[in-house]
Amino acid sequence: MMAKINFSTFLLYVNGTLAISDFCKKISDSNNKNEIKEYQKNPYEFYTKFDDTDNTLWIEIKTGNPYPYEDTVFDTKLKKKFPNPRNPEQAELRKQVFCLYDCDTKTLYVSNRKFISIICWYLKQQSGIYNIFTNEMLKSVDEFCSEIKKIKSIRLISKNTLFSQTDELFKTTSDAFGLGNPKQYEINVTYDYVKATEKFKSKVKDFFIKRQSTQIDSFVCVGQDSEGFERYFNMDVFGKKIEINLTPNDKQLFSGIEVRKELINIIGKGKNLGI
C-alpha cells in the first residue's frame, strides 16, 4: 500500500548566511557511513551523501526509543503472547527522517519538522560550527514583501512572450544586436543591500502573477530581513507543497534511495539529470 511522505521547506543558515556547497561537502566528508550518535540519551543513525551532479546534500536519519517497554509481545500469527526478546536497553531504529539541502535554490527539505533541532545539532557536531540554525521558508509573496528590508541581488528569466516584448525591463535589449528578439531573456543584477522600495514590492507582486501564468520562467531575489538575516526568495519553491507517495518494504520501512529519487524529481532536479 502506498504511503505519503510530506516535506516542509526551510532556509539553512551557517554563520549568518545561507549554507553553500562547500559546507555541505564538509558534512558529507566528515560522516562515517551509518554513524550512530546519541542525542538526549536517544540513538540516531545518520547517513549523508553529497551529490556533485545535482549539488545536493542528502541526510537519512533512523532513530528509536527503548521505552515505553512491555515485558511481553503479541504474535499476530499465533495469536499468543510471548516474552519480549528485546531487553529494555535495546532500541529498534525504525523511525525514519529524510532531509535534502539544495545548494542551488538554498532550500532545506525535511520530512519531519520536529527533527529540525536534531538536524542542526548534527550539522554543528560534524562541522565544528555552532552558529547554525533554520528559518521556515516564506509561504507567500505578501509575507516576503512584508519581511524583506534590503535587496542584495535579483535574477529574472523570461521567454520571448508578450510580457518580455512590452515590459520596460527588456526594451533596451529586444533588438540590441540587430538579430531580432531573443528566444529568452535573463537579467542578473547585484546591489549593496539597498532598501526595498514600495515600487520594488509592487513589481515583485506583479512578477508573481506573471510567474503563475508562465509569462516568467524564474524569479529569485536575495536580501535581508529586519534582523539582518539573509532571505532567499524563489518563486519556484516558496509555498510549494512537497508530497511523495511510495510503497514501503515488507517491514514497512522506506528505501532512502527511492525517497531521494522521488523528491529530486518533484523539485525539478531530475529533469536535468535524465531521471
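Glutamine 252 counts as exposed, at 57% relative accessibility; here exposed means over 50% relative accessible area, buried means under 20%, and partly exposed lies in between (1.4 Å probe, protein chains only). The model is predicted, so local features need pLDDT of at least 70 and side-chain atom pairs count only at pLDDT 80 or more, while totals for chains, interfaces and linings use all residues. Residues are numbered from 1 along each chain as its sequence is written, and side-chain values use heavy atoms, with hydrogens and water left out.

**Overall make-up**

- The protein chain has six helices and 15 strands; these are DSSP runs numbered from the N terminus, with helices (H or I) of at least four residues and strands (E) of at least two.
- Of the 275 residues in the protein chain, 44% are buried.
- Among contacts in the protein chain with a separation of 6 or more, 66% join residues 24 or more positions apart; a contact means heavy atoms within 4.5 Å.

**Backbone features in loops**

- Glutamine 252 sits in the loop between strand E15 (242-246) and helix H6 (256-266).
- Glutamine 252 is not a glycine, yet its phi is positive, at about 65°.
- Asparagine 55 also has a positive phi, near 60°, and is a residue other than glycine.
- The loop that holds asparagine 55 runs between strand E4 (42-51) and E5, and asparagine 55 is buried, with a relative accessible area of 19%.
- The peptide bond from tyrosine 67 to proline 68 is cis, with omega near 5°, and proline 68 lies in the loop between E5 and E6.

**The loop between E5 and E6**

- Tyrosine 69 is placed in the loop between E5 and E6 and is partly exposed, with a relative accessible area of 22%.
- Beyond its neighbours within four places in sequence, tyrosine 69 is in contact with Asn84, Arg86, Asn87 and Pro88.
- Tyrosine 69 and glutamine 90 are 21 residues apart along the chain, and their C-alpha atoms are separated by 9.9 Å.
- Aspartate 71 lies in the loop between E5 and strand E6 (72-75) and is exposed, with a relative accessible area of 56%.
- Leaving out residues up to four places away in sequence, aspartate 71 touches Phe82, Pro83 and Asn84.
- The C-alpha atoms of aspartate 71 and phenylalanine 82 are 8.6 Å apart, although the two residues are eleven residues apart along the chain.

**Helices H1 and H2**

- Two packed helices are described by the angle between their axes and the distance between the axes.
- The axes of helix H1 (residues 21-30) and helix H2 (residues 116-127) come within 9 Å and cross at roughly 80°.
- The axes are lines fitted to C-alpha atoms, for helices over the stretch in contact, and angles run from 0 to 180 degrees between N-to-C directions.
- H1 and H2 are therefore roughly perpendicular to each other; that label covers 65 to 115 degrees, with angles under 35 roughly parallel, over 145 roughly antiparallel and the rest oblique.
- Phe23, Lys26, Ile27 and Ser30 in H1 meet Tyr122, Leu123, Gln126 and Ser127 in H2.

**Nonpolar cores**

- In soluble globular proteins, nonpolar side chains tend to be buried together.
- A nonpolar core is a set of buried Ala, Val, Leu, Ile, Met, Phe, Trp, Tyr and Cys residues joined through side-chain atoms within 4.5 Å.
- The largest nonpolar core has 51 residues, of which Phe7, Tyr101, Leu123 and Val259 touch the most other members.
- Valine 259 touches Ile5, Phe7, Trp58, Phe98, Ile244, Leu246 and Phe254, not counting residues up to four places away in sequence.
- Isoleucine 59, in strand E5 (residues 56-63), is buried, with a relative accessible area of 3%.
- With residues up to four places away in sequence left out, isoleucine 59 touches Phe46, Tyr47, Thr48, Val97, Phe98, Cys99 and Leu123.

**Cysteines**

- A disulfide is a covalent bond between the sulfur atoms of two cysteines.
- Zero disulfides are found in a search of the whole structure, where a disulfide is a pair of cysteine sulfur atoms within 2.5 Å.
- The closest cysteine sulfur to that of cysteine 24 is in cysteine 103, at 3.7 Å, which is too far for a bond.
- Cysteine 24 counts as buried, at 0% relative accessibility.
- Cysteine 99 is in no disulfide, and the nearest cysteine sulfur, that of cysteine 120, is 9.2 Å away.
- Cysteine 99 is buried as well, with a relative accessible area of 1%.
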